Amino acid sequence: MSQSAIEVRLADYRDPSHARALVALLDAYARDPAGGGTPLEASVLAGLPEALAARPQAFSVLAYDGDQPVGLINCIEGFSTFACKPLVNVHDVVVLESHRGQRVTQRMLARVEQEARARGACKLTLEVLSGNGSALRAYEREGFAGYQLDPAFGTAMFLQKKL
């Protein structure tokens, strides 16, 4: 695979081939230790493309090596109250093991940034597990950095409360 062989495009959630690629790649990520090591539930696999299609604030980028889907980024548009502009959260980043280390993420993030700029977004955000050094390095290469307002208050932390 050469970088030029990788094609990156926005996903059309209603296109059956894009929908299959999206759920297959996301399930591969979920099964990976970095994604939790557990396959997605059948109801998620069946319903995700339609649920994303119903949300205009969602978009996804797919990477293909020929006809083979090899990468996925799911994004959700949010809103920055401090900037009074949209922001785009990079929610899932998936690259199949066979294509890791080949800058597929870089190419997908460039397409995400293009779409975010078209939507008038003021920034991209993402979360990464602190132990995922290769992903962290890839994001830093693309200009992502820890978030802070005042160094005295430290850097932001990502927290969750499941419902």
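Colleague: What volume does the second largest pocket have?

Modeller: About 150 Å³. Keep in mind that this is a predicted model.

Colleague: Which residues line the second largest pocket?

Modeller: The lining consists of F79, S80, T81, F82, L87, K123 and Y147.

Colleague: And by class, how many of each are in that lining?

Modeller: Four nonpolar, two polar and one charged.

Colleague: Switching to helices. At what angle do α1 and α2 pack?

Modeller: About 120°. Helix α1 covers residues 16-31 and helix α2 covers residues 42-53. Their axes lie 9 Å apart.

Colleague: What do we call that arrangement of α1 and α2?

Modeller: Oblique. Angles of 65 to 115 degrees would count as roughly perpendicular, and over 145 as roughly antiparallel, so α1 and α2 are oblique to each other.

Colleague: Is the crossing left-handed or right-handed?

Modeller: Right-handed, as α1 passes α2.

Colleague: Which residues make the contact?

Modeller: From α1, A19, L22, V23, L26 and D27. From α2, L45, L48, P49 and L52.

Colleague: How many nonpolar, polar and charged residues are in that contact?

Modeller: Eight nonpolar, no polar and one charged.

Notes
Residues are numbered from 1 along each chain as its sequence is written. This is a predicted model: local features need pLDDT of at least 70, side-chain atom pairs count only at pLDDT 80 or more; totals for chains, interfaces and linings use all residues. Side-chain values use heavy atoms; hydrogens and water are left out. Axes are lines fitted to C-alpha atoms, for helices over the stretch in contact, and angles run from 0 to 180 degrees between N-to-C directions. Helices (H or I, at least four residues) and strands (E, at least two) are DSSP runs, numbered from the N terminus. Angles under 35 degrees count as roughly parallel, over 145 as roughly antiparallel, 65 to 115 as roughly perpendicular and the rest as oblique. A crossing is left-handed if the near helix is turned anticlockwise from the far one by less than a right angle, and right-handed if clockwise. Contact means heavy atoms within 4.5 Å. Ala, Val, Leu, Ile, Met, Phe, Trp, Tyr, Cys and Pro count as nonpolar, Asp, Glu, Lys and Arg as charged, and the others, Gly among them, as polar. On a 1 Å grid over the protein atoms alone, a cavity is a set of points where a 1.4 Å probe fits but cannot get out, and a pocket is an open set with protein on both sides within 12 Å along at least five of seven lines; lining residues have an atom within 4 Å of a point. Grid points are joined across faces, edges and corners, and a volume is the space filled by probe spheres set on the points.
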